Amino acid sequence: MRVPMIAGNWKMNTTVSEAIELVNQMRRGLDEIADVDKVICPPFISLAAVRELIKGSSIKLGAQNIYFEEKGAYTGEISPLMLADLCEFVIIGHSERRHYFNESGEIVNKKIRAALKAGLKPILCIGERLEENEAGRTKEVLTEQLRSSLAGIDNLGGLIIAYEPVWAIGTGRAATGKQANETVGFIRQTISQKYGKRIAQDLRILYGGSVTAANTDEFMQQPEIDGALVGGASLKADQFLSIVRQTSEIKGESKRGEASLI
Ligand code: 13P
C-alpha cells in the first residue's frame with residue numbers, strides 16, 4: 001500500500017524568519033496528523049533552521065533543487081552531499097526550472113542520478129504545457145519527459161513522481177480529479193512498462209497545480225493519485241493543515257483498511 005504524501009513547495013518565498021514563523025504555525029497540527037507523509041520544501045537558506053524546528057516530529061524536509069556535481073568550483077550551487085546532510089527529499093525538474101532556467105531532460109536526468117546516489121528521494125516533476133494539452137499531446141510529452149529523466153536509471157530508489165500540468169500551476173485553474181487520475185494512471189502504466197508492475201504499483205505519484213483546501217477532496221478521492229505537491233496553499237498554515245487533514249481522512253490507514261474489506 002502506498003503511503004499518501006503531501007509536499008509543500010514554498011518556491012522563492014519566505015525569509016528565514018518568515019520560514020520559522022510559518023513552521024511554528026503548522027508544526028503541532030501537522031505532527032498530529034497520521035497516515036500521511038508531510039513534507040515541507042522551504043528555500044535552501046532556511047533548510048537548516050527548519051530542520052532544527054521539526055526535529056523529533058513526523059514532519060519531513062525537502063529541498064527545491066540540486067546540482068549534479070558532488071563538490072567543486074560551481075559558484076552558487078548546492079550539491080547532493082550538502083543536501084543529504086540536511087533533508088530527505090528534493091524536488092527535481094519542476095516546470096519553473098525547466099522553463100525559466102532552461103533545464104533540459106538531460107540535466108534533469110543528471111540531477112536525478114546524483115540525488116539517488118546521495119540517498120536523497122527525488123520528487124520528479126513532469127507535466128505538459130497548455131498548447132500541448134490542447135493539441136492532444138499530453139501523453140506524448142509525458143512519455144518523453146519520463147524517458148529522458150529516467151534514462152539509464154535501473155533502480156528508482158525512493159523516487160516519487162509529481163504530475164504537474166503547467167497550465168494548472170499558480171493559475172487557479174486546476175485539472176479535474178478525473179483528468180488528473182487518468183493521466184496519473186497513464187504515468188503508472190508507462191513506469192510499469194519499463195520497471196515492471198510491482199515497482200509501478202508501489203510508486204507514489206502526486207498531483208500538483210492549484211491544489212487548495214477547497215479542491216483537495218476531489219483529487220484525494222482518486223485511486224491513482226497518492227497525494228499532492230502544493231505551491232501557493234502551502235504558504236498558509238491553515239490551508240496546508242486542512243489539505244493534509246483531508247488527505248488523512250480520505251486516504252489514511254483506516255480508510256484503506258475499510259476499502260480492502262469491501
Ligand atoms: P500552485 O499550487 O501554486 O499552483 O503550485 C503548484 C506547484 O508548482 C507545486 O510545485
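Ile199 is partly exposed, with a relative accessible area of 39%, where partly exposed denotes the range between buried (under 20% relative accessible area) and exposed (over 50%), computed with a 1.4 Å probe and protein chains only. The structure is a predicted model, in which local features need pLDDT of at least 70, side-chain atom pairs count only at pLDDT 80 or more, and totals for chains, interfaces and linings use all residues. Residues are numbered from 1 along each chain as its sequence is written, and side-chain values use heavy atoms, with hydrogens and water left out.

Ile199 belongs to helix H9 (residues 197-202); helices (H or I, at least four residues) and strands (E, at least two) are DSSP runs numbered from the N terminus. A separation of 9.6 Å was computed between the C-alpha atoms of Ile199 and Asn155, which lie 44 residues apart along the chain.

Oxygen atoms of the ligand lie 2.6 Å from a backbone N or O atom of Gly170, 2.7 Å from a backbone N or O atom of Ser210 and 2.9 Å from a polar backbone atom of Gly231. The protein buries 95% of the 310 Å² that the ligand exposes when taken alone, with areas from the Shrake-Rupley method and a 1.4 Å probe.

Helix H5 (residues 105-117) has 13 residues and should span 18 Å at 1.5 Å a residue, in agreement with the 18 Å between its end C-alpha atoms; the expected span is 1.5 Å times one less than the number of residues. Its buried residues are Gly105, Val108, Asn109, Lys111, Ile112, Ala114, Ala115 and Leu116. These pack against helix H3 (80-84), strand S4 (89-92), helix H4 (95-100), strand S5 (121-126) and helix H7 (138-149). Gly119, which follows H5, has a positive phi near 85°.

Within H5, Ala115 is buried, at a relative accessible area of 0%. Contacts (heavy atoms within 4.5 Å) link Ala115 to Ile66, Val90, Ile92, Leu120 and Pro122, leaving aside neighbours within four places in sequence. The C-alpha atoms of Ala115 and Ile91 are 9.9 Å apart, at a sequence separation of 24 residues.

Helix H11 (residues 237-251) contains Thr247, and Ser248 is also placed in H11. Thr247 is buried because its relative accessibility is 0%; Ser248 likewise counts as buried, at 15%. With neighbours within four places in sequence left aside, Thr247 is in contact with Pro4, Ile6, Val36, Thr216, Met220 and Gly252. A polar atom of the Ser248 side chain lies 3.1 Å from the backbone oxygen of Ala34.

Note on methods. Polar contact = N/O pair within 3.5 Å; in protein donor to acceptor, adjacent residues only side chain to side chain.
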